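Here is my note on the model. Please read the points alongside the coordinates.

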Amino acid sequence: MRVILQRIGGTRALLRGTVAAALASGAAACGSIQNMVPDPANFRLPDRTTFIPTNSNAYARPVSVDRPVGPADLVDGQGQCAGAVPAAAAVPRGVSLEMTECEVVRALGQPQSVDLTPQAGGQRNAVMTYTTGERAGIYQFVGGRLTAIERGNESPPPAVAKKPPAKKPKPPA
């Protein structure tokens, strides 16, 4: 056997031959080269609806809410919701247009003043004023939904105390 290995080129050549035979049989078992390349006839570009939604509701939810405003969504002259406990603390959350009166009261707490006036057509106009707090301002409602927000007077940021300039020492005379 040693004589045969020396004539071929040693064990290295035998190892190379074995690896080449294993790779050749593996490639033959997996299939031909045609099965590895995709068929260009089956390739299709994506439809435009893949990237661009068909309606605008896919970008943001609609502003108008489906359910109508009921008596439980309205505040009374004191700024309290029907059935709400007066001492209930507000749950901190954001305020957005189209929210109901009670949703705003739940978010910001009881307002300092409420002005309720009936409008033509049986709609109700409410103006709630918050003079203190993080979101102080005037909140205007028409038909029980928030339509406008005017920011109120905010307390100015605390003034930073400046240090007086250091006095220069006088040179000795």
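Are Tyr130 and Tyr139 buried or exposed?

1. Both Tyr130 and Tyr139 are buried (under 20% relative accessible area with a 1.4 Å probe, protein chains only; exposed is over 50%, partly exposed in between). The model is predicted: local features need pLDDT of at least 70, side-chain atom pairs count only at pLDDT 80 or more, and totals for chains, interfaces and linings use all residues. Residues are numbered from 1 along each chain as its sequence is written, and side-chain values use heavy atoms, with hydrogens and water left out.

2. One aromatic pair turns up in a search of the whole structure. Tyr130 and Tyr139 form this edge-to-face pair, 5.5 Å centre to centre with 85° between the planes (ring centres within 6.5 Å; planes over 60 degrees apart are edge-to-face, under 30 stacked, the rest tilted).

3. The largest nonpolar core has 13 residues (buried Ala, Val, Leu, Ile, Met, Phe, Trp, Tyr and Cys joined through side-chain atoms within 4.5 Å). Tyr130 and Tyr139 are among the members that touch the most others, as are Val104 and Met128. Helix 3 (101–108), strand 2 (124–130) and strand 3 (137–142) each give two or more residues to this core (DSSP runs: helices H or I, at least four residues; strands E, at least two; numbered from the N terminus).

4. Four strands make an open antiparallel sheet, in the order 1-2-3-4 (strands pair with at least two DSSP bridges between them). Strand 1 (113–118) and strand 4 (145–151) are at the edges with a single partner each, so one side of each lacks a neighbour in the sheet.

5. Strands 3 and 4 run antiparallel, joined by six bridges. Gln140 has Ala148 of strand 4 as its bridge partner.

Definitions and conventions: Phe/Tyr/Trp six-rings, centres within 6.5 Å; stacked < 30°, edge-to-face > 60°.
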